Each structure stands twice: as C-alpha cells, then as structure tokens.
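Please examine the sequence and the structure below. The paragraphs that follow consider a helix and the pockets.

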Amino acid sequence: MASVGVNGDGSATDGQIIARPVVTRFAPSPTGYLHIGGARTALFNWLYARANGGKYLLRIEDTDRARSTEPAIEAIFDGLNWLGLGGDEAPVFQFARSDRHAQVAARLLDSGHAYRCYLTQEELAARREAAAAEKRPFRVVSEWRDASPDQWPEGKSYVVRVKAPRDGEVTISDRVQGDVTVANAELDDFVILRSDGTPTYMLAVVVDDHDMGVTHVIRGDDHLNNAFRQLVIIRAMQTIEGGWEDPVYAHIPLIHGSDGAKLSKRHGALGVDAYRDEMGLLPEAVFNYLLRLGWGHGDEEIISREQAIAWFDIVNVNKGASRFDMKKLENLNGHYIREADDARLAALVAPKVTAETVDMDLLTRAMPVLKVRAKDLNELAQGAGFLFAQRPLPLDAKAESLLTEDARALLAQIHTAFADEAEWAIEPLEARLKAMAADLTLGLGKLAQPLRAALTGQGTSPGIFDVLVLLGRDESLARIAAQASSVTAGHS
C-alpha cells in the first residue's frame, strides 16, 4: 500500500509519497528475556513497516557488558522468530559499533557542540546534595562548558558532554502522544562519552538510528524524555554534516496489569518463552492479543496477519495504558487452537504428553475431538493422555467413584454387547449402547459414565463414542474387561 507522507517533525505532506522509505527498528537490551511489552513494541514496529512497504530492523543494544548475555540474546531472537517478527536484515550489535559512536562524539567535540568536562564524581555528588537540600531539580551546569583547550588540565580524567541549548523550547509531534513541548532549560549537558572513552546509550542510539536509516522511532513512552535529549545530538549533527534528519516519533503507552498497577509477574509479565513453553499458547494467539492491546479496528477481535497489515496505523494506538487480561488471552488462544491444523497441533502437543511412546497418527486423529474443549496445549496434552495410558489405567477420584460394584457389573454386559458389534464406528456403537440402556430401563448416562471411567481413567473426556473409535476395538474391549473383571476379583 502507498505510504503516507510525513515531514521530519511527523506532520503530513498532503498524502504524497515520502522521500525516504519507512524504516523502523526494535532495539532491545539483552539483559534478560524478551518480555511481553517488548514483544508488543516489536510487533508495532513490524506492522508499521509492513503497512507502509518499508523495512523492519533489529538492533541488540549490548553496551552494558556486565549485564548483556548470550543466552538473553538467543532468547530475544527465539521469541521474535516464534512470533514471526524476525528482522528484514541481519541484526546490528551496538557494542561492535563503539568506534563509530566515538567518531561522532569527536565530530561534536571538534565543532564546539560538545565539550570536555572535568567535574569529578565528588563535585557532582556535592552539587546533587545541595539541589536536594534546596528542593530544586538537579541539572549539570559545568564551568567547563566554554573552557578553551589551553584551560584543559593535563592528565586529568574527563567525560564529553553535549552542549544542550539553554533558550527556547522544542516540540515533538508524536504520532501517539500528540504535540509534546519541553523547554530547553529543562535539559542538561548530558554525557555522550565516558571517561574511559566508551559511548553512552544516548549517543549510541542516535548514531545507530541514523546509520541504519531509521525513519520512525516507535518505542515505549518511558523513552519520551530521551527523545528531546537525542534531538540535541541529531540537530547538532545536522549543522555539522548533511543527511541527519529528525525521525518521526511514536511513543506507545506501557502495559499495566488488570488492576491498573504496573505490569509485573503476577499479572503475566513473563518472557515470551513462558507463554510458549509453560503456558502452551500459540504464536498467532499472542500476536493477535498483543495487536489488540492498545490498538483496534472497530469491534474486530480476531485479526489475521494480513488484516493487521492492511489496517494498522500507529496513529490509532491509544494514548492511555492498556490492561493485560490473562483470561482474554487464554480465550483467544482457545479460538486459535480450534482453528489450528490437527497435524501441527499434534506435533506441538506430543512432547507434553506424559507417556513412554506417542502414536502421532492417533494423536492427530484425536485432535478434532480434543481441541474443542482445550484453551492451551497443556490442556490438550492432558486430555490426550488416556490415549497412550498403559493398563491397568490409573483412575482419578471421579472415575474411582463411578466404578461401583454395580457399575462394574454393567461394564461386563457392555463388554459382551460390544464384542459382538461387527462395525466399530460411532453410529453402531451408539445404537448398541442405547438399545442396551433401553433393555435395562436405565438412562444412557448410567452406562456411559462408568464406561468413560473404564476407558479413560477420568471422570471427563471427549464424547464416549469418539473415545471408543479412537482407542479401537481391541484396546477398548481390553480396558472395559480390565474394570469389569475386577467384580469377580472382589473389587468394590
């Protein structure tokens, strides 16, 4: 579809095609798992790029060497790939670009847009304490801002700070938050190069976004204040060299728990891998749920990837925080399980089934009757367990209570009746059991309930005639006989 034109400040250009193709990015820090909020940010970036015929890139912001780990990087890629949100190009690793970041810092320093600051940590701490005592906000005001090179003390450690403008104000036309204005007096001269020569996050992000050609920065609204600081660097570079353009910003609200509090583990703030492995959810369900978490298209609840791409626009993301509802996610997952291909479900369920061996053909054939009542893969696996249980079947409490002495006597009669059945299929088996119930003047449930317990070891299961057909004649009769025979063994 044609992309809507935007100026550098995010304003429209009367629907004309923009000069730069849309490029979005998702840039997680690999200090832990890919959490659900990060996954939604990745989804919105992926969708906006797709909706505008653009490109979606990944960047691993691994400059925190003490906390960045390879397992975390692998978990992020694994979670993104599971959701179908892999990048369109090879990922960029921020730490590997440190020389480039330092190069830009040098350009800012040489051009007078940054300066060496020799303030010590002790001096900064004292000024911070004084500001706190006077109940005023602390901002760095460094006497080194306008110092000339001949005033630099030789051999003394320093950081490089950017020269933030002190007058006027800056307005960001944010695609989600609307116009947001900050007075330049609110900004301080933040550090862009540490005393050991390594770049800070604030500098690295700006340089990487520029070099990757990022046109739209879509991220959590906890980064909104950072945008004003990053624009200081961007606009300084615009005066130094051409080609540095303001990105279009879209700061999306964070996700809250169902009670309105900040999202935590008790609300479902888990790694994406937990939704897949521990909770047994399908990626299309998580994709659909995250899509609707703060964005919508009319009253549509079930939205395919194709529909999402056709309908999505970042301007339709809500300004307010969304509330995470685990029950709604589970219900949505139940829908996608019912819609899923049976062979695919069987492959996903098989590792979760507690059995020595799993007959994949049987598990696949069982899916149509198992999936109608399951909301996740764990429930599917639990429901499929009876198919592969070894005799004698373990009985749950409900099944145990159903298998009274009278019920076991009825099972013996059912065994005799079914053993004579020529066609092992739903209709003749159902007709045979109904005829037997009529002969005995019993309700069908009086026969079906102990029969279910004998066949599955459970008080609940799929339809009893589906169970009989899935297990087959030999196994069904053997299970019935195992429980019926215990009458003669004195079982009560």
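Helices here are DSSP runs of H or I with at least four residues, numbered from the N terminus. The model is predicted, and under this definition α1 covers residues 36–51. Beyond the helix comes Gly-53, with a positive phi near 65 degrees.

The length of α1 can be checked against its residue count. At 1.5 Å a residue, its 16 residues should span 22 Å, and the end C-alpha atoms are 22 Å apart, so the two values agree. Most of α1 is covered, with 15 of the 16 residues buried, where buried means under 20% relative accessible area.

At least two lining residues each come from α1, β1 (23–26), β9 (216–220) and β11 (255–256). Sorted by class, the lining comprises 15 nonpolar, 10 polar and 7 charged residues.

The second largest pocket has a volume of about 270 Å³. It is lined by 13 residues, of which Arg-373, Glu-379, Gln-382, Gly-383 and Gln-458 are the closest to its centre. Helix α13, spanning residues 377–384, gives the most to this lining, with 4 residues. The classes in the lining of the second largest pocket are 5 nonpolar, 5 polar and 3 charged residues.

Key. Residues are numbered from 1 along each chain as its sequence is written. This is a predicted model: local features need pLDDT of at least 70, side-chain atom pairs count only at pLDDT 80 or more; totals for chains, interfaces and linings use all residues. Side-chain values use heavy atoms; hydrogens and water are left out. Ala, Val, Leu, Ile, Met, Phe, Trp, Tyr, Cys and Pro count as nonpolar, Asp, Glu, Lys and Arg as charged, and the others, Gly among them, as polar. On a 1 Å grid over the protein atoms alone, a cavity is a set of points where a 1.4 Å probe fits but cannot get out, and a pocket is an open set with protein on both sides within 12 Å along at least five of seven lines; lining residues have an atom within 4 Å of a point. Grid points are joined across faces, edges and corners, and a volume is the space filled by probe spheres set on the points. The expected span of a helix is 1.5 Å times one less than its number of residues. Buried means under 20% relative accessible area, exposed over 50%, partly exposed in between (1.4 Å probe, protein chains only).
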